[in-house]
Amino acid sequence: MTITEKILARAAGKTGVAPGDNIWVNVDVLLTHDICGPGTIGVFQKEFGRDAKVWDRERVVIIPDHFIFTNDKKAHRNVDTLRTFVREQNLPYFYDPADDSYRGVCHVALPQEGHVRPGEVIFGTDSHTCTHGALGAFSSGIGNTDAGFIMGTGKLLIKVPHTLRFTLDGRRPDYIMGKDIILRIIGDIGFEGATYGAMEFRGAAIEALPIEERMTICNMAVEAGAKNGIIAPDQTALDYVRRRTAKPFQPEYSDPDAKALHAYRYQVSEFVPCVAKPHAPDQYAPAADLGDVKLDRAYIGSCTGGKLADFIAAATILRGRKVSIDTFLVPATREVATGLQSEKIQGQTLTDIFKQAGCLDIAPPSCAACLGGPEDTFGRTHGKEVVISTTNRNFIGRMGSKLAPIYLASPLTVAASAVAGRITDPRKFM
Amino acid sequence: MTSPILRGKVYVVGDNIDTDQIIPAQHLNLVPTIPAEYKKLGTLALSGLPAEYPPLVKKGAGISEYVIIIGGRNFGCGSSREHAPIALGAAGIRAVVAESYARIFFRNAIATGEFYPWETETSLRQVFNTGDMAEIQFDRETITHSDSRKEFPLKPLGDAKAVVEAGGLFAHARKMGMM
């Protein structure tokens with residue numbers, strides 16, 4: 001069996017499962033946030049009763065992150081709905097925007113707070129819940145109705161996905177980031193190339209990647225239609241988890257003879273810095289080929305592109321240089337924001353580097369303009385701005401305006417492009 | 001089900017209609033389980049499509065004049081927001097007929113019971129124009145272009161059909177005595 005099949009088999013209390021099997025799994029963690037939490041709670045209370053209790057208060061994690069720094073009244077009402085529910089249910093894991101417990105983007109906060117453990121089953125009311133496969137968990141996005149069902153029962157009926165195996169050999173050049181790897185793969189297999197499947201990433205280049213870069217890759221598995229992305233938890237992953245939780249867990253690993261529906265092999269040393277052109281993440285192009293694309297705005301942030309590693313990469317380019325376009329920086333979480341002040345490159349903090357480079361003031365952590373959001377959202381497009389962004393989607397209107405095209409790229413490429421004002425291969429500045 | 005035939009106007013869209021086009025993120029402050037906000041979501045369905053598309057729901061109208069959407073490949077890709085299938089259902093859409101669906105959207109469509117997410121082997125986008133009349137035969141699982149009388153098979157929905165028919169996952173589970 002593959003790692004995905006083994007995790008699901010154990011969660012279903014079975015000795016074995018095969019792709020296509022419909023099985024009931026026990027859920028270890030249910031994640032929700034401010035835009036799908038109120039609807040999930042609505043389903044739960046309608047179906048199980050106004051006084052019903054969640055199946056296990058230790059396993060429900062609520063991380064508001066989407067519409068936080070806005071004057072939108074309904075957005076505030078929705079966070080209030082979460083607060084009331086947390087109080088009524090006495091839930092221990094709620095990260096309230098009104099106090100010090102606030103963290104920021106749920107997919108970066110969930111592992112940082114120790115809620116992601118290898119071998120466990122995680123469902124979340126957000127498609128990028130697939131991020132958490134980076135630590136060897138089975139983790140997938142669902143809707144409010146399924147989440148409401150889990151809240152009441154702790155179980156979900158799911159189909160065991162087939163596995164697509166991606167082996168990334170070789171040594172990763174320093175100008176290639178996790179984003180370049182996943183955009184190349186999505187470009188090859190297409191926007192729906194992994195629909196219903198598990199994308200398993202392995203190989204020397206993956207093993208050499210830090211956890212945050214693995215998260216970038218697994219985060220975007222859903223952009224190829226996958227149910228989950230997953231990487232076997234090696235020592236790097238186990239160390240990351242043990243630093244953050246004392247709870248026990250049992251990692252799973254693919255058998256050497258585990259079957260995959262398709263196997264792909266890449267030499268990462270041959271990769272080049274790339275972008276996804278508007279309006280889909282599979283519109284791959286080498287950054288060097290798009291030097292004639294003039295930009296109005298650069299954006300570094302989100303669950304896939306707003307981690308500390310992403311800002312360190314951007315700072316290596318921006319140190320001693322000036323941006324020539326509006327450059328928006330949104331750390332994913334408070335931990336990342338703190339890192340911007342403590343992390344230094346040749347004695348200079350990231351915060352200082354960005355300030356001297358002429359970036360806009362760093363925003364407080366949240367999803368911000370990654371998905372547009374309310375009119376007053378930081379970084380939201382309103383006109384025909386041409387944007388290069390470290391986020392995960394470039395659909396029409398994704399960052400607010402339908403007329404604002406979005407190019408997705410690594411933080412290195414976004415930073416280099418911010419300096420040049422045109423799409424730029426970061427090797428120019430390395 | 002009240003009638004074995006669903007008859008009405010179709011609305012035709014392209015490939016890769018993502019959830020941001022179905023319901024732009026700025027409207028995710030609406031909570032689908034609040035009745036007034038459920039209705040409001042319906043008036044905003046497909047409002048993220050490019051400007052060259054006619055509105056699915058006319059300004060001031062509560063629901064759409066269309067009841068069937070004809071789509072291409074990978075319909076509903078992107079977000080897990082259940083607001084997306086709910087917006088279509090609240091707009092009065094009873095069936096989507098597409099070549100393929102993104103996984104989470106398909107599952108949400110069935111779990112909410114908002115509409116039947118049928119698939120076809122071949123594209124019907126060359127057959128239908130927005131505003132054409134169509135008939136879906138529920139028992140035989142076929143769609144017919146009303147003017148030309150050309151009939152096309154739908155891929156059987158299997159067990160999922162009864163879930164939508166009941167009105168979603170929970171209603172189906174109660175009907176079957178599962179809860």
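So, the largest pocket: about 1,200 Å³ of space lies in it. By pocket I mean, on a 1 Å grid over the protein atoms alone, an open set of points with protein on both sides within 12 Å along at least five of seven lines, and lining residues have an atom within 4 Å of a point. Grid points are joined across faces, edges and corners, and the volume is the space filled by probe spheres set on the points. Of the 39 residues that line this pocket, N22(A), F106(B), R107(B), I110(B) and A160(B) are the closest to its centre.

Before I go on, a word on what you're looking at. This is a predicted model, where local features need pLDDT of at least 70, side-chain atom pairs count only at pLDDT 80 or more, and totals for chains, interfaces and linings use all residues. Residues are numbered from 1 along each chain as its sequence is written, chains are lettered from A and ligands numbered from 1 in the order in which they are written, and side-chain values use heavy atoms, with hydrogens and water left out.

Which element gives the most to its lining? That's α4(B), with 5 residues. When I say helix or strand, I mean DSSP runs numbered from the N terminus: H or I for helices, at least four residues, and E for strands, at least two. By class, the lining splits into 22 nonpolar, 7 polar and 10 charged residues. Here Ala, Val, Leu, Ile, Met, Phe, Trp, Tyr, Cys and Pro count as nonpolar, Asp, Glu, Lys and Arg as charged, and the others, Gly among them, as polar.

The second largest pocket has a volume of about 400 Å³. It has 20 lining residues, and V43(A), K46(A), E47(A), T145(A) and T33(B) are the closest to its centre. Here α2(A) gives the most to the lining, with 5 residues. The classes come out as 8 nonpolar, 8 polar and 4 charged.

Okay, now the interface. Taking contact as heavy atoms within 4.5 Å, 47 residues of chain A touch 40 residues of chain B. The size of an interface is often given as the accessible area lost when the parts come together. For chains A and B that's about 3,400 Å², with carbon and sulfur atoms giving 53%; the area uses a 1.4 Å probe and is summed over both parts.

Next, cavities, meaning sets of points where a 1.4 Å probe fits but cannot get out. The structure holds 2 of 30 Å³ or more.

Last, two backbone spots. Most residues other than glycine have a negative phi, and most peptide bonds are trans. Yet a cis peptide bond joins P278(A) and H279(A), with omega about 0°. You'll find H279(A) in the loop between β11 and β12 of chain A. Then there's S302(A), which is not a glycine but has a positive phi of about 90°. S302(A) sits in the loop between β13 and α10 of chain A.

Technical notes. Buried area is the accessible area (1.4 Å probe) that two parts lose on being put together, summed over both.
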